Amino acid sequence: MSSSEPSNVSEAAEAENPTQSKKAAKKEAAKLEKKRRQEVEAASKALAAATVDAEDPLKSNYGDVPSSDLRSKEVSGRKWTEIGNLWEEIKGEVVLIRGRAQTVRGVGKNIAFVVVRERGFTVQCVLTVEADKVSRQMVKFATSLSKESIVDVEGVISVPNTPIKGASQPVEVQVRKLYCVSKALPNLPINIEDAARSEVEIEKALQAGEQLVRVNQDTRLNYRVLDIRTPANQGIFRVQCQVENVFRQFLLSEGFVGIHTPKLMSGASEGGAAVFKLDYKGQPACLAQSPQLHKQMSICGDFARVFEVGPVFRAEDSYTHRHLCEFTGLDVEMEIKEHYFEVIDIVDRLFVKMFDTLNETCKKELEAIQRQYPFEPLKYLRQTLRLTFEEGVKMLQEAGIEIDPYGDLNTEAERKLGQLVLDKYGTEFYILHRYPLAVRPFYTMPCYDNEAYSNSFDVFIRGEEIISGAQRVHEPDFLAVRAEACGIDVKTISTYVDAFRYGAPPHGGFGVGLERVVMLFCGLNNIRKTSLYPRDPLRLTP
(Lines give C-alpha, C1' and ligand atoms only; values in the text may rest on other atoms or scores of the structure.)
Protein backbone atom coordinates (compact mmCIF):
# COMPACT_ATOMS: atom_id res chain seq x y z
CA MET A 1 0.00 0.00 0.00
CA SER A 2 1.39 3.42 -1.00
CA SER A 3 1.68 6.27 1.47
CA SER A 4 -0.88 8.26 -0.53
CA GLU A 5 -3.65 5.72 0.00
CA PRO A 6 -6.04 5.92 3.04
CA SER A 7 -4.82 3.70 5.91
CA ASN A 8 -8.34 2.46 6.87
CA VAL A 9 -12.02 2.55 5.94
CA SER A 10 -12.71 5.64 8.11
CA GLU A 11 -9.95 7.58 6.38
CA ALA A 12 -11.30 6.43 3.05
CA ALA A 13 -14.75 7.74 3.93
CA GLU A 14 -13.27 11.02 5.14
CA ALA A 15 -11.31 11.38 1.91
CA GLU A 16 -14.44 10.63 -0.06
CA ASN A 17 -16.69 13.13 1.89
CA PRO A 18 -14.58 15.48 4.00
CA THR A 19 -17.45 18.00 4.55
CA GLN A 20 -19.81 15.45 6.11
CA SER A 21 -17.04 14.11 8.36
CA LYS A 22 -16.24 17.57 9.73
CA LYS A 23 -19.97 18.19 10.53
CA ALA A 24 -20.17 14.94 12.46
CA ALA A 25 -17.07 15.82 14.41
CA LYS A 26 -18.44 19.25 15.31
CA LYS A 27 -21.76 17.71 16.33
CA GLU A 28 -20.04 15.21 18.58
CA ALA A 29 -17.86 17.92 20.11
CA ALA A 30 -20.92 20.08 20.84
CA LYS A 31 -22.64 17.13 22.43
CA LEU A 32 -19.67 16.48 24.69
CA GLU A 33 -19.46 20.15 25.65
CA LYS A 34 -23.18 20.24 26.55
CA LYS A 35 -22.78 17.17 28.71
CA ARG A 36 -19.74 18.74 30.41
CA ARG A 37 -21.70 21.94 31.18
CA GLN A 38 -24.61 19.94 32.64
CA GLU A 39 -22.23 18.02 34.89
CA VAL A 40 -20.55 21.22 36.06
CA GLU A 41 -23.97 22.82 36.72
CA ALA A 42 -25.21 19.78 38.65
CA ALA A 43 -22.03 19.70 40.71
CA SER A 44 -22.38 23.41 41.39
CA LYS A 45 -25.97 23.01 42.56
CA ALA A 46 -25.05 20.07 44.75
CA LEU A 47 -22.21 22.06 46.27
CA ALA A 48 -24.50 25.04 46.86
CA ALA A 49 -27.15 22.83 48.46
CA ALA A 50 -24.55 21.19 50.66
CA THR A 51 -23.23 24.58 51.66
CA VAL A 52 -26.75 25.81 52.51
CA ASP A 53 -27.45 22.67 54.52
CA ALA A 54 -24.19 23.06 56.33
CA GLU A 55 -25.01 26.66 57.13
CA ASP A 56 -28.57 25.92 58.33
CA PRO A 57 -28.73 24.28 61.76
CA LEU A 58 -32.55 23.98 61.37
CA LYS A 59 -32.41 21.91 58.17
CA SER A 60 -34.05 18.94 59.92
CA ASN A 61 -37.21 21.01 60.55
CA TYR A 62 -38.27 21.20 56.91
CA GLY A 63 -37.98 19.50 53.54
CA ASP A 64 -39.43 16.68 51.46
CA VAL A 65 -40.33 13.55 53.40
CA PRO A 66 -38.33 10.59 52.01
CA SER A 67 -40.45 7.97 50.28
CA SER A 68 -39.18 5.28 52.64
CA ASP A 69 -40.62 7.18 55.61
CA LEU A 70 -44.09 7.02 54.08
CA ARG A 71 -44.19 3.26 53.76
CA SER A 72 -45.59 2.58 57.22
CA LYS A 73 -42.08 2.74 58.61
CA GLU A 74 -43.03 3.35 62.22
CA VAL A 75 -45.77 4.27 64.65
CA SER A 76 -44.51 7.43 66.32
CA GLY A 77 -47.42 8.04 68.66
CA ARG A 78 -47.63 11.67 67.58
CA LYS A 79 -51.03 13.33 68.07
CA TRP A 80 -52.66 14.85 65.00
CA THR A 81 -55.24 17.65 65.14
CA GLU A 82 -57.90 18.21 62.48
CA ILE A 83 -57.90 21.72 61.03
CA GLY A 84 -61.62 22.01 61.72
CA ASN A 85 -60.80 21.74 65.45
CA LEU A 86 -58.39 24.69 65.55
CA TRP A 87 -60.08 27.39 67.66
CA GLU A 88 -59.13 30.19 70.07
CA GLU A 89 -59.56 27.87 73.05
CA ILE A 90 -56.28 26.08 72.28
CA LYS A 91 -54.17 29.24 72.01
CA GLY A 92 -50.53 28.53 72.89
CA GLU A 93 -50.76 24.78 72.27
CA VAL A 94 -48.45 22.96 69.88
CA VAL A 95 -50.38 21.16 67.13
CA LEU A 96 -49.52 18.81 64.28
CA ILE A 97 -51.71 19.04 61.17
CA ARG A 98 -51.75 17.58 57.66
CA GLY A 99 -53.47 19.12 54.68
CA ARG A 100 -53.07 20.65 51.23
CA ALA A 101 -51.15 23.84 50.56
CA GLN A 102 -54.06 25.85 49.21
CA THR A 103 -52.19 29.13 48.81
CA VAL A 104 -48.52 30.00 49.24
CA ARG A 105 -47.26 33.58 49.58
CA GLY A 106 -43.89 35.01 50.49
CA VAL A 107 -43.28 38.48 51.95
CA GLY A 108 -39.63 39.30 51.32
CA LYS A 109 -37.09 36.72 52.47
CA ASN A 110 -38.21 36.56 56.09
CA ILE A 111 -41.95 35.79 56.06
CA ALA A 112 -44.15 33.23 54.30
CA PHE A 113 -47.85 32.43 54.56
CA VAL A 114 -49.23 28.99 53.69
CA VAL A 115 -52.98 28.39 53.90
CA VAL A 116 -53.50 24.68 54.59
CA ARG A 117 -56.81 22.94 53.80
CA GLU A 118 -58.27 19.72 55.19
CA ARG A 119 -61.81 18.47 54.50
CA GLY A 120 -63.01 21.92 53.52
CA PHE A 121 -61.53 23.69 56.56
CA THR A 122 -58.56 26.05 56.17
CA VAL A 123 -56.02 27.61 58.51
CA GLN A 124 -53.31 30.20 57.92
CA CYS A 125 -49.79 29.02 58.76
CA VAL A 126 -47.09 31.65 59.24
CA LEU A 127 -43.32 31.27 58.96
CA THR A 128 -41.30 34.18 60.37
CA VAL A 129 -37.50 34.08 60.45
CA GLU A 130 -36.43 33.80 64.07
CA ALA A 131 -33.23 32.48 65.64
CA ASP A 132 -33.41 28.80 66.63
CA LYS A 133 -36.98 28.54 65.25
CA VAL A 134 -37.30 29.47 61.57
CA SER A 135 -34.48 30.05 59.09
CA ARG A 136 -34.47 31.91 55.79
CA GLN A 137 -33.90 28.60 54.02
CA MET A 138 -37.05 27.27 55.67
CA VAL A 139 -39.05 30.29 54.45
CA LYS A 140 -37.61 29.76 50.98
CA PHE A 141 -38.65 26.11 51.09
CA ALA A 142 -42.19 27.11 52.08
CA THR A 143 -42.52 29.56 49.18
CA SER A 144 -41.32 26.87 46.77
CA LEU A 145 -44.25 24.57 47.61
CA SER A 146 -46.65 23.99 44.71
CA LYS A 147 -50.36 24.50 45.34
CA GLU A 148 -52.31 21.39 46.39
CA SER A 149 -49.19 19.63 47.66
CA ILE A 150 -49.79 17.68 50.86
CA VAL A 151 -47.83 19.05 53.82
CA ASP A 152 -47.29 18.30 57.49
CA VAL A 153 -47.12 21.36 59.73
CA GLU A 154 -46.13 21.54 63.38
CA GLY A 155 -46.53 24.83 65.18
CA VAL A 156 -47.98 26.93 67.97
CA ILE A 157 -51.58 28.22 67.86
CA SER A 158 -51.91 32.01 68.08
CA VAL A 159 -54.85 34.39 67.81
CA PRO A 160 -54.21 37.39 65.53
CA ASN A 161 -55.39 40.88 66.49
CA THR A 162 -57.32 41.29 63.23
CA PRO A 163 -59.72 38.64 61.84
CA ILE A 164 -58.34 36.34 59.15
CA LYS A 165 -60.21 36.69 55.87
CA GLY A 166 -58.50 34.00 53.83
CA ALA A 167 -59.19 30.98 56.05
CA SER A 168 -62.13 29.32 57.79
CA GLN A 169 -60.41 29.05 61.20
CA PRO A 170 -59.95 32.18 63.36
CA VAL A 171 -56.43 31.22 64.51
CA GLU A 172 -52.95 31.04 63.01
CA VAL A 173 -50.28 28.38 63.26
CA GLN A 174 -46.82 29.77 63.99
CA VAL A 175 -44.83 27.19 62.08
CA ARG A 176 -41.89 25.39 63.67
CA LYS A 177 -41.67 22.41 61.33
CA LEU A 178 -42.83 22.02 57.71
CA TYR A 179 -42.54 18.91 55.55
CA CYS A 180 -43.84 18.12 52.07
CA VAL A 181 -45.45 14.67 51.99
CA SER A 182 -46.59 14.68 48.35
CA LYS A 183 -45.79 17.23 45.65
CA ALA A 184 -48.51 18.39 43.28
CA LEU A 185 -47.65 19.44 39.73
CA PRO A 186 -46.61 23.09 39.61
CA ASN A 187 -49.21 23.75 36.89
CA LEU A 188 -52.58 22.09 37.56
CA PRO A 189 -55.21 21.53 34.80
CA ILE A 190 -57.63 23.66 36.82
CA ASN A 191 -57.02 25.85 39.84
CA ILE A 192 -59.17 25.15 42.89
CA GLU A 193 -59.60 28.89 43.40
CA ASP A 194 -61.09 29.21 39.90
CA ALA A 195 -63.27 26.10 40.30
CA ALA A 196 -64.67 27.46 43.60
CA ARG A 197 -65.68 30.81 42.15
CA SER A 198 -69.39 31.66 41.93
CA GLU A 199 -71.12 33.03 38.84
CA VAL A 200 -72.08 36.08 40.88
CA GLU A 201 -68.41 36.81 41.57
CA ILE A 202 -67.53 36.36 37.89
CA GLU A 203 -70.31 38.69 36.74
CA LYS A 204 -69.32 41.37 39.25
CA ALA A 205 -65.74 41.21 38.01
CA LEU A 206 -66.85 41.57 34.39
CA GLN A 207 -68.90 44.63 35.27
CA ALA A 208 -65.80 46.09 36.94
CA GLY A 209 -63.76 45.43 33.83
CA GLU A 210 -61.88 42.46 35.26
CA GLN A 211 -61.55 39.04 33.68
CA LEU A 212 -61.82 35.99 35.93
CA VAL A 213 -61.42 32.37 34.84
CA ARG A 214 -64.70 30.50 34.42
CA VAL A 215 -64.30 26.71 34.64
CA ASN A 216 -66.96 25.07 32.46
CA GLN A 217 -68.78 21.86 33.31
CA ASP A 218 -66.93 19.53 30.93
CA THR A 219 -63.56 20.74 32.18
CA ARG A 220 -64.71 20.20 35.76
CA LEU A 221 -65.82 16.66 35.00
CA ASN A 222 -62.65 15.87 33.04
CA TYR A 223 -60.60 16.78 36.12
CA ARG A 224 -63.19 15.77 38.68
CA VAL A 225 -60.62 14.76 41.31
CA LEU A 226 -59.59 18.43 41.46
CA ASP A 227 -63.10 19.85 41.10
CA ILE A 228 -64.50 17.94 44.09
CA ARG A 229 -61.93 19.61 46.34
CA THR A 230 -63.88 22.89 46.26
CA PRO A 231 -65.84 23.86 49.41
CA ALA A 232 -69.16 23.66 47.54
CA ASN A 233 -68.51 20.15 46.27
CA GLN A 234 -67.28 19.02 49.66
CA GLY A 235 -70.59 20.31 51.02
CA ILE A 236 -72.70 18.70 48.27
CA PHE A 237 -71.38 15.20 48.83
CA ARG A 238 -71.53 15.46 52.60
CA VAL A 239 -75.18 16.50 52.27
CA GLN A 240 -75.68 13.55 49.94
CA CYS A 241 -74.21 11.21 52.54
CA GLN A 242 -76.64 12.57 55.13
CA VAL A 243 -79.62 12.07 52.78
CA GLU A 244 -78.71 8.40 52.44
CA ASN A 245 -78.11 8.13 56.19
CA VAL A 246 -81.52 9.60 57.10
CA PHE A 247 -83.18 7.37 54.49
CA ARG A 248 -81.70 4.26 56.09
CA GLN A 249 -82.20 5.26 59.71
CA PHE A 250 -85.80 6.38 59.27
CA LEU A 251 -86.83 3.22 57.44
CA LEU A 252 -85.04 0.98 59.93
CA SER A 253 -86.97 2.73 62.71
CA GLU A 254 -90.19 1.92 60.83
CA GLY A 255 -89.47 -1.81 60.68
CA PHE A 256 -87.98 -1.97 57.17
CA VAL A 257 -85.21 -4.40 56.23
CA GLY A 258 -82.31 -3.38 53.97
CA ILE A 259 -81.80 -5.72 51.00
CA HIS A 260 -79.49 -6.02 47.98
CA THR A 261 -80.98 -7.13 44.67
CA PRO A 262 -79.12 -8.30 41.53
CA LYS A 263 -78.05 -5.80 38.89
CA LEU A 264 -77.77 -8.43 36.16
CA MET A 265 -81.16 -9.24 34.64
CA SER A 266 -82.47 -11.55 31.92
CA GLY A 267 -84.92 -8.89 30.77
CA ALA A 268 -86.09 -5.31 31.23
CA SER A 269 -87.54 -4.53 34.65
CA GLU A 270 -89.28 -1.29 33.66
CA GLY A 271 -90.27 -2.14 30.09
CA GLY A 272 -89.04 -0.54 26.91
CA ALA A 273 -85.78 -1.07 25.06
CA ALA A 274 -83.65 1.44 27.01
CA VAL A 275 -81.43 -1.10 28.72
CA PHE A 276 -77.70 -1.77 28.64
CA LYS A 277 -77.45 -5.19 26.99
CA LEU A 278 -74.61 -7.61 27.60
CA ASP A 279 -73.58 -11.20 27.14
CA TYR A 280 -73.93 -13.31 30.27
CA LYS A 281 -72.05 -16.58 29.69
CA GLY A 282 -73.65 -16.95 26.27
CA GLN A 283 -77.08 -15.75 27.37
CA PRO A 284 -78.56 -12.32 26.58
CA ALA A 285 -78.79 -10.13 29.66
CA CYS A 286 -79.02 -6.49 30.71
CA LEU A 287 -78.23 -4.19 33.60
CA ALA A 288 -81.14 -3.61 35.98
CA GLN A 289 -83.24 -0.49 35.32
CA SER A 290 -84.42 -0.70 38.93
CA PRO A 291 -84.71 -3.24 41.77
CA GLN A 292 -88.48 -3.23 41.18
CA LEU A 293 -89.09 -6.89 40.42
CA HIS A 294 -86.84 -8.28 43.13
CA LYS A 295 -88.01 -5.97 45.88
CA GLN A 296 -91.59 -7.10 45.12
CA MET A 297 -90.46 -10.72 45.17
CA SER A 298 -88.92 -10.00 48.57
CA ILE A 299 -92.32 -8.87 49.82
CA CYS A 300 -93.66 -12.21 48.60
CA GLY A 301 -90.84 -13.75 50.65
CA ASP A 302 -92.44 -12.32 53.82
CA PHE A 303 -90.02 -9.47 54.56
CA ALA A 304 -93.11 -7.19 54.76
CA ARG A 305 -91.07 -3.96 54.44
CA VAL A 306 -87.83 -3.59 52.48
CA PHE A 307 -85.55 -0.86 51.17
CA GLU A 308 -82.43 -0.71 49.05
CA VAL A 309 -79.72 1.81 48.21
CA GLY A 310 -77.96 0.79 45.02
CA PRO A 311 -77.00 1.60 41.42
CA VAL A 312 -79.64 1.93 38.72
CA PHE A 313 -78.92 1.85 34.98
CA ARG A 314 -80.92 3.63 32.29
CA ALA A 315 -79.81 3.58 28.65
CA GLU A 316 -82.04 6.41 27.43
CA ASP A 317 -80.36 9.00 25.23
CA SER A 318 -81.39 11.78 27.60
CA TYR A 319 -79.16 14.85 27.52
CA THR A 320 -81.16 16.87 30.05
CA HIS A 321 -80.07 18.57 33.26
CA ARG A 322 -81.71 15.84 35.38
CA HIS A 323 -80.99 12.50 33.69
CA LEU A 324 -78.06 10.12 34.06
CA CYS A 325 -77.31 6.68 32.63
CA GLU A 326 -76.28 5.48 36.08
CA PHE A 327 -77.54 6.87 39.36
CA THR A 328 -78.06 5.79 42.95
CA GLY A 329 -81.59 4.58 43.62
CA LEU A 330 -83.33 4.81 46.99
CA ASP A 331 -86.07 2.19 46.77
CA VAL A 332 -88.85 1.12 49.13
CA GLU A 333 -91.47 -1.64 49.03
CA MET A 334 -94.01 -2.56 51.71
CA GLU A 335 -97.17 -4.50 52.43
CA ILE A 336 -100.42 -2.54 52.23
CA LYS A 337 -103.22 -3.36 54.64
CA GLU A 338 -106.00 -1.25 53.12
CA HIS A 339 -104.88 1.70 50.98
CA TYR A 340 -101.85 2.86 49.00
CA PHE A 341 -101.92 6.04 51.07
CA GLU A 342 -100.00 3.94 53.63
CA VAL A 343 -97.04 4.21 51.25
CA ILE A 344 -97.60 7.94 50.77
CA ASP A 345 -97.66 8.37 54.56
CA ILE A 346 -94.14 6.89 54.71
CA VAL A 347 -92.97 9.26 51.95
CA ASP A 348 -94.47 12.23 53.80
CA ARG A 349 -92.83 11.52 57.16
CA LEU A 350 -89.53 10.32 55.64
CA PHE A 351 -88.88 13.46 53.61
CA VAL A 352 -90.03 15.94 56.23
CA LYS A 353 -87.61 14.19 58.62
CA MET A 354 -84.90 14.31 55.96
CA PHE A 355 -85.33 18.02 55.25
CA ASP A 356 -85.42 18.86 58.96
CA THR A 357 -82.23 16.87 59.56
CA LEU A 358 -80.35 18.48 56.67
CA ASN A 359 -81.28 21.97 57.84
CA GLU A 360 -80.23 21.18 61.40
CA THR A 361 -77.04 19.15 60.92
CA CYS A 362 -75.62 20.37 57.60
CA LYS A 363 -75.59 24.13 58.18
CA LYS A 364 -71.89 24.58 57.35
CA GLU A 365 -72.16 22.39 54.25
CA LEU A 366 -75.25 24.23 53.00
CA GLU A 367 -73.53 27.58 53.59
CA ALA A 368 -70.53 26.40 51.54
CA ILE A 369 -72.85 25.36 48.71
CA GLN A 370 -74.77 28.64 48.87
CA ARG A 371 -71.58 30.70 48.56
CA GLN A 372 -70.88 29.22 45.13
CA TYR A 373 -74.40 28.30 44.07
CA PRO A 374 -76.85 30.69 45.80
CA PHE A 375 -80.28 29.17 46.56
CA GLU A 376 -83.27 29.78 48.80
CA PRO A 377 -84.02 27.21 51.54
CA LEU A 378 -86.65 24.68 50.48
CA LYS A 379 -90.21 25.56 51.51
CA TYR A 380 -92.17 22.55 52.80
CA LEU A 381 -95.13 21.89 55.10
CA ARG A 382 -95.21 19.87 58.31
CA GLN A 383 -97.81 17.65 56.64
CA THR A 384 -97.11 17.30 52.95
CA LEU A 385 -99.70 18.61 50.50
CA ARG A 386 -101.52 15.93 48.45
CA LEU A 387 -103.33 16.68 45.21
CA THR A 388 -104.94 14.30 42.72
CA PHE A 389 -103.68 14.33 39.15
CA GLU A 390 -107.06 15.68 38.07
CA GLU A 391 -106.71 18.59 40.54
CA GLY A 392 -103.28 19.33 39.14
CA VAL A 393 -104.58 19.29 35.57
CA LYS A 394 -107.41 21.65 36.57
CA MET A 395 -104.93 24.11 38.12
CA LEU A 396 -102.88 24.09 34.92
CA GLN A 397 -105.94 24.52 32.70
CA GLU A 398 -107.18 27.44 34.79
CA ALA A 399 -103.75 29.01 34.30
CA GLY A 400 -104.18 28.71 30.54
CA ILE A 401 -101.96 25.65 30.04
CA GLU A 402 -103.25 23.06 27.57
CA ILE A 403 -102.78 19.60 29.05
CA ASP A 404 -103.88 16.06 28.16
CA PRO A 405 -105.95 14.87 31.16
CA TYR A 406 -104.89 11.28 30.46
CA GLY A 407 -101.27 11.97 29.53
CA ASP A 408 -98.12 12.56 31.52
CA LEU A 409 -96.81 15.98 32.55
CA ASN A 410 -93.88 17.28 30.55
CA THR A 411 -91.06 19.26 32.16
CA GLU A 412 -92.66 22.62 31.38
CA ALA A 413 -96.01 21.57 32.88
CA GLU A 414 -94.29 20.20 36.01
CA ARG A 415 -92.50 23.49 36.60
CA LYS A 416 -95.62 25.55 35.99
CA LEU A 417 -97.65 23.40 38.37
CA GLY A 418 -94.87 23.71 40.95
CA GLN A 419 -95.10 27.50 40.76
CA LEU A 420 -98.90 27.41 41.01
CA VAL A 421 -98.70 25.14 44.08
CA LEU A 422 -96.10 27.42 45.70
CA ASP A 423 -98.24 30.51 45.11
CA LYS A 424 -101.42 28.88 46.41
CA TYR A 425 -100.17 26.59 49.19
CA GLY A 426 -96.75 28.01 50.11
CA THR A 427 -94.82 24.76 49.56
CA GLU A 428 -92.22 23.51 47.07
CA PHE A 429 -92.68 19.89 48.12
CA TYR A 430 -95.94 18.12 47.33
CA ILE A 431 -97.47 14.82 46.20
CA LEU A 432 -99.58 14.29 43.07
CA HIS A 433 -101.55 11.01 43.00
CA ARG A 434 -104.08 9.04 40.89
CA TYR A 435 -102.04 9.27 37.68
CA PRO A 436 -103.49 8.01 34.37
CA LEU A 437 -102.84 4.27 34.06
CA ALA A 438 -101.57 4.64 30.48
CA VAL A 439 -98.43 6.51 31.59
CA ARG A 440 -97.45 4.13 34.40
CA PRO A 441 -95.42 0.85 34.37
CA PHE A 442 -97.13 -2.50 33.74
CA TYR A 443 -97.08 -3.51 37.41
CA THR A 444 -99.18 -0.50 38.56
CA MET A 445 -102.58 -1.21 40.11
CA PRO A 446 -105.56 0.50 38.40
CA CYS A 447 -108.01 2.54 40.50
CA TYR A 448 -111.03 0.60 41.77
CA ASP A 449 -113.52 3.26 40.59
CA ASN A 450 -111.99 4.23 37.22
CA GLU A 451 -109.42 2.07 35.45
CA ALA A 452 -108.30 5.03 33.35
CA TYR A 453 -106.45 6.09 36.49
CA SER A 454 -104.12 4.22 38.81
CA ASN A 455 -103.18 3.92 42.48
CA SER A 456 -99.95 5.75 41.82
CA PHE A 457 -98.21 8.98 42.75
CA ASP A 458 -95.29 11.26 41.97
CA VAL A 459 -93.54 13.62 44.38
CA PHE A 460 -92.14 17.01 43.40
CA ILE A 461 -89.46 19.37 44.71
CA ARG A 462 -89.16 22.87 43.25
CA GLY A 463 -91.35 21.92 40.30
CA GLU A 464 -89.46 18.76 39.33
CA GLU A 465 -90.41 15.13 39.89
CA ILE A 466 -88.17 13.18 42.27
CA ILE A 467 -90.27 10.17 43.32
CA SER A 468 -92.47 7.75 41.46
CA GLY A 469 -94.54 5.21 43.40
CA ALA A 470 -97.69 3.12 43.39
CA GLN A 471 -99.64 0.14 44.61
CA ARG A 472 -98.46 -2.90 42.61
CA VAL A 473 -100.46 -5.56 40.81
CA HIS A 474 -100.12 -8.69 42.97
CA GLU A 475 -102.47 -10.98 40.96
CA PRO A 476 -100.26 -13.12 38.64
CA ASP A 477 -102.65 -13.57 35.72
CA PHE A 478 -103.56 -9.89 35.63
CA LEU A 479 -99.85 -9.03 35.95
CA ALA A 480 -99.04 -11.14 32.87
CA VAL A 481 -101.81 -9.41 30.92
CA ARG A 482 -100.51 -5.97 31.91
CA ALA A 483 -96.93 -6.93 30.94
CA GLU A 484 -98.00 -8.10 27.47
CA ALA A 485 -100.05 -4.93 27.00
CA CYS A 486 -96.92 -2.91 27.69
CA GLY A 487 -94.85 -4.86 25.16
CA ILE A 488 -92.89 -7.00 27.62
CA ASP A 489 -92.11 -10.64 26.84
CA VAL A 490 -93.60 -12.46 29.83
CA LYS A 491 -91.05 -15.27 29.43
CA THR A 492 -88.24 -12.89 30.44
CA ILE A 493 -89.98 -12.13 33.75
CA SER A 494 -91.55 -15.54 34.39
CA THR A 495 -89.85 -16.02 37.77
CA TYR A 496 -91.18 -12.62 38.82
CA VAL A 497 -94.76 -13.43 37.78
CA ASP A 498 -94.54 -16.92 39.31
CA ALA A 499 -93.56 -15.39 42.66
CA PHE A 500 -97.12 -14.10 42.97
CA ARG A 501 -98.62 -17.54 42.33
CA TYR A 502 -97.47 -18.70 45.76
CA GLY A 503 -99.55 -16.15 47.63
CA ALA A 504 -98.75 -12.43 47.60
CA PRO A 505 -100.00 -9.70 49.96
CA PRO A 506 -101.19 -6.35 48.56
CA HIS A 507 -98.17 -4.07 48.44
CA GLY A 508 -96.71 -0.86 47.05
CA GLY A 509 -93.59 1.21 47.04
CA PHE A 510 -91.58 3.96 45.44
CA GLY A 511 -88.18 4.86 44.06
CA VAL A 512 -86.18 8.07 44.16
CA GLY A 513 -82.85 9.14 42.71
CA LEU A 514 -80.36 10.19 45.39
CA GLU A 515 -78.61 12.67 43.09
CA ARG A 516 -81.89 14.31 42.12
CA VAL A 517 -82.97 14.81 45.74
CA VAL A 518 -79.71 16.62 46.56
CA MET A 519 -79.83 18.64 43.34
CA LEU A 520 -83.31 19.97 44.03
CA PHE A 521 -82.96 20.43 47.79
CA CYS A 522 -79.87 22.58 47.12
CA GLY A 523 -81.44 24.38 44.17
CA LEU A 524 -78.71 23.26 41.76
CA ASN A 525 -79.19 23.45 38.00
CA ASN A 526 -77.63 20.17 36.89
CA ILE A 527 -77.62 16.64 38.26
CA ARG A 528 -73.98 16.21 37.24
CA LYS A 529 -73.12 18.50 40.15
CA THR A 530 -74.50 15.90 42.58
CA SER A 531 -73.02 12.80 40.94
CA LEU A 532 -69.48 12.15 42.11
CA TYR A 533 -68.34 10.70 38.77
CA PRO A 534 -71.29 11.12 36.37
CA ARG A 535 -72.24 8.66 33.66
CA ASP A 536 -74.37 10.13 30.88
CA PRO A 537 -74.74 9.28 27.17
CA LEU A 538 -71.44 11.06 26.40
CA ARG A 539 -69.34 10.32 29.47
CA LEU A 540 -67.76 7.09 30.67
CA THR A 541 -64.67 8.58 32.36
CA PRO A 542 -63.08 9.44 34.71
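Arg214 has a relative accessibility of 44%, so Arg214 counts as partly exposed. The scale behind that word is simple: buried means under 20% relative accessible area, exposed means over 50%, and partly exposed lies in between, with a 1.4 Å probe and protein chains only. Glu199 is also partly exposed, at 44% relative accessibility.

This is a predicted model, in which local features need pLDDT of at least 70 and side-chain atom pairs count only at pLDDT 80 or more, while totals for chains, interfaces and linings use all residues. Residues are numbered from 1 along each chain as its sequence is written, and side-chain values use heavy atoms, with hydrogens and water left out.

**Salt bridges**

Side chains of opposite charge can pair when their charged atoms come close. Here a salt bridge is a side-chain nitrogen of Lys or Arg within 4 Å of a carboxyl oxygen of Asp or Glu. How many salt bridges does the structure hold? The count is 36.

Three of these pairs are set out below.

| Pair | N to O distance |
|---|---|
| Glu199 and Arg214 | 3.0 Å |
| Glu333 and Lys295 | 3.4 Å |
| Arg322 and Glu414 | 3.1 Å |

Glu199 and Arg214 meet through their side chains in a salt bridge. Glu199 lies in helix H5 (residues 199-207) and Arg214 in the loop between H5 and helix H6 (217-222), so the pair ties together parts that are 15 residues apart in sequence.

Glu333 and Lys295 form another salt bridge. This pair links distant parts of the chain, with Glu333 in strand S12 and Lys295 in helix H9 (residues 292-300), 38 residues apart. Are Glu333 and Lys295 buried or exposed? Both are buried.

Arg322 pairs with Glu414 in a salt bridge. Arg322 sits in the loop between S11 and S12 and Glu414 in helix H13 (residues 411-425), so distant parts of the chain, 92 residues apart, are linked. Arg322 and Glu414 are buried.

Salt bridges can also join up: Glu193, Asp194, Arg197 and Glu201 are linked in a network of them.

Among the buried residues of H9 are Leu293, Lys295 and Ile299. With contact meaning heavy atoms within 4.5 Å, the buried residues of H9 pack against S8, S11, S12, helix H15 (494-499) and S17. After H9 comes Asp302, with a positive phi near 75°.

Strand S12 (residues 326-335) is likewise largely enclosed by the rest of the structure, because seven of its 10 residues are buried. Two strands pair if DSSP finds at least two bridges between them. Strand S11 (residues 305-313) runs antiparallel to S12, with nine bridges joining them. Strand S17 (residues 507-513) is also antiparallel to S12, through seven bridges. Gly329 in S12 stands opposite Gly310, and Gly329 also stands opposite Gly513 in S17.

**A three-stranded sheet**

Another sheet is open, with three strands in the order S8-S10-S9 and antiparallel pairing. Strand S8 (264-265) and strand S9 (277-280) stand at the edges with a single partner strand each, so one side of each has no neighbour in the sheet. Four bridges join S9 to strand S10 (residues 283-287), and Leu278 has Ala285 in S10 as its bridge partner.

Conventions. Helix = DSSP H or I, 4+ residues; strand = E, 2+ residues; numbered from the N terminus.
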